[in-house]
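Please look through the structure below before reading on.

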Amino acid sequence: MERRTIGAAALEVGAVGLGCMPMSWAYSTSQQDGESSLRTVHAALDRGSTLLDTADMYGPFTNELLLGRVLKERREDAFVATKCGLLVGEQHIVANGRPGYVRRACDASLRRLQTDVIDLYQLHRADPEVPVEETWGAMAELVRVGKVRALGLSAMAARADRRGGARIHETTLRLLNRVQQVFPVSSVQAELSVWSREALERLLPWCASRGVGFLAAMPLGNGYLTGTLTTGGGFEPDDVRARHPRFTGEMMAANQPVVAGLRRVALRHGEATPAQVALAWLLTRGRQVVPVPGTKKERWAVENAASAGLRLTAEDLSEIDALPPAQGSWD
C-alpha cells in the first residue's frame with residue numbers, strides 16, 4: 001500500500017487506516033465479537049493499513065485491550081494512535097484535561113496496548129475547566145520522556161460550532177493555534193467524507209500549510225456511503241445511528257442520490273464498490289489525508305485497504321464533486 005507521512009516528524013503510515021471503535025463501542029453490541037475483531041486487525045495489517053485508531057474511552061478500555069493482543073505479536077507492523085481526555089460514566093461523558101490525569105491515562109493505555117510507546121497520542125476533547133496549554137504541555141512531556149512519539153488533536157467541537165452559529169471548525173482552529181505554540185501538532189482528526197465536506201473549507205488548508213497530517217474520521221458516513229445499509233431497516237437501540245437524524249428512514253431515502261453517484265463511478269472501475277470510491281476520493285484531497293474507516297469485519301477491512309489502489313479519473317472526480325450535499329441535520 002502507498003505510504004503517507006504524518007506531521008513534522010514524518011511518521012509513515014499506510015494511506016488507509018483502520019478505525020477500531022466499532023469493535024467495542026457505539027455500534028450494535030450484539031455483533032461485536034473479539035475473535036472476529038482480532039482477525040480484522042490482522043487482515044488490515046497484512047494489507048498495509050498500519051494506522052490503528054483507538055481511544056481509552058472505547059469500551060471503555062476494552063478496545064485498547066483488544067489491540068494489545070495484536071500488538072503483543074505485531075508491534076513493528078502497526079502505527080498505534082490512541083486518545084485521552086474523555087471519561088465515560090453510566091449516562092454521560094465528561095472531559096478531563098488535568099495534567100496528572102493525562103499522565104495516568106497514558107500509562108494505563110500503554111499497559112493495555114502492551115507496548116512501550118504510543119505512536120500518536122491524541123487529545124479527544126479539550127476540558128473547558130483546564131487551559132488547553134496545560135493539557136497539551138503534559139502530553140508534550142510524554143513525548144520528551146519517550147512514552148509518546150507525536151501528538152494529535154481530535155476535532156470534536158464542529159457540531160457545537162454549528163449550533164452556536166460560529167463558522168464550522170472555528171473552535172478547533174482556535175485550539176490548534178494555541179497548542180501549536182506549546183508543542184508541534186502532528187495530526188488533526190475530524191470528520192470528512194463525500195457527504196460531510198466542511199473540513200475542506202478551512203481545517204484541511206490549515207493542516208496542509210503546516211505539514212500536519214489529517215485523519216479523516218467517518219470517511220464512509222457511518223456506513224451510509226457503502227451502499228449496504230437498508231433504508232428504514234432500523235438499528236439496534238445501542239447503535240449511535242439509531243439517534244442520528246441522517247439515519248431516519250426518510251433521510252436515508254432522501255440521500256440515496258449520493259450513494260447512487262458513487263455506485264455509478266464504481267461501475268466504471270470494474271469490481272470497485274461505492275465505499276472504495278468514497279475512500280479513493282478522500283485520498284485525492286491531499287497527501288496529508290489518511291482516511292480511517294471504522295469496521296469490525298474482516299471483509300470490509302480488506303475492501304477498504306484495496307481502495308488505496310483505486311485511481312479515479314478527472315471525470316470521476318468531477319462527478320463526485322457535483323453530487324448533492326447530504327440532506328438532514330447532523331446534530
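Of the 80 residues in the largest nonpolar core, Tyr121 and Phe214 touch the most other members. A nonpolar core here is a set of buried Ala, Val, Leu, Ile, Met, Phe, Trp, Tyr and Cys residues joined through side-chain atoms within 4.5 Å, where buried means under 20% relative accessible area, exposed over 50%, and partly exposed in between, with a 1.4 Å probe and protein chains only. Leaving aside residues up to four places away in sequence, Phe214 touches Val188, Ala190, Leu192, Ala199, Leu203, Leu204, Cys207, Gln288, Val289 and Val290, contact being defined as heavy atoms within 4.5 Å. A second, separate core has eleven residues, among them Leu11, Val13, Phe79 and Val292. In soluble globular proteins, nonpolar side chains tend to be buried together.

This is a predicted model, in which local features need pLDDT of at least 70 and side-chain atom pairs count only at pLDDT 80 or more, whereas totals for chains, interfaces and linings use all residues. Residues are numbered from 1 along each chain as its sequence is written, and side-chain values use heavy atoms, with hydrogens and water left out.

Eight strands form an open sheet with parallel pairing, in the order 3-4-5-8-9-10-11-12; its edges are strand 3 (18-19) and strand 12 (289-291), each of which pairs on one side only. Helices (H or I, at least four residues) and strands (E, at least two) are DSSP runs numbered from the N terminus, and two strands pair if DSSP finds at least two bridges between them. Strand 8 (residues 118-123) runs parallel to strand 9 and is joined to it by five bridges, with Tyr121 standing opposite Leu151 in strand 9. On to the next pairing, three bridges join strand 9 (residues 148-154) to strand 10 (residues 187-191), again in parallel, and Gly152 has Ser187 of strand 10 as its bridge partner. Strand 9 is mostly covered, since six of its seven residues are buried.

Which strands does helix 10 lie across? Helix 10 (residues 274-283) lies across strand 11 (213-217) and strand 12, and runs at about 160° to strand 12; axes are lines fitted to C-alpha atoms, for helices over the stretch in contact, and angles run from 0 to 180 degrees between N-to-C directions. Helix 10 is mostly covered, with ten of its ten residues buried, including Pro274, Gln276, Trp281 and Leu283. The elements that cover these buried residues include strand 1 (3-6), strand 11, helix 9 (256-267), strand 12, helix 11 and helix 12 (314-321).

Two packed helices are described by the angle between their axes and the distance between the axes. Helix 9 and helix 12 pack at about 175° with their axes 10 Å apart, which makes helix 9 roughly antiparallel to helix 12; angles under 35 degrees count as roughly parallel, over 145 as roughly antiparallel, 65 to 115 as roughly perpendicular and the rest as oblique. Gly261, Leu262, Arg264 and Val265 of helix 9 make this contact with Asp316, Glu319 and Ile320 of helix 12. Helix 1 (residues 34-46) and helix 11 (residues 298-306) pack at an angle of about 15°, with their axes 8 Å apart, and are therefore roughly parallel. Their contact is made by Arg39, Thr40, Ala43 and Ala44 of helix 1 and by Glu298, Ala301 and Val302 of helix 11.

The loops hold some backbone details. Pro60 lies in the loop between strand 4 (51-53) and helix 2 (62-74), and the peptide bond from Gly59 to Pro60 is cis, with omega near -5°. Phe61 is found in the loop between strand 4 and helix 2; although not a glycine, Phe61 has a positive phi of about 75°, and it is partly exposed, with a relative accessible area of 40%. Met218, in the loop between strand 11 and helix 8 (249-254), is a residue other than glycine with a positive phi, near 50°, and is partly exposed at a relative accessible area of 28%.

Is Ala78 buried or exposed? Ala78, in the loop between helix 2 and strand 5 (79-84), is buried, with a relative accessible area of 10%. Not counting residues up to four places away in sequence, Ala78 touches Leu45, Thr50, Leu52, Leu71 and Asp119.
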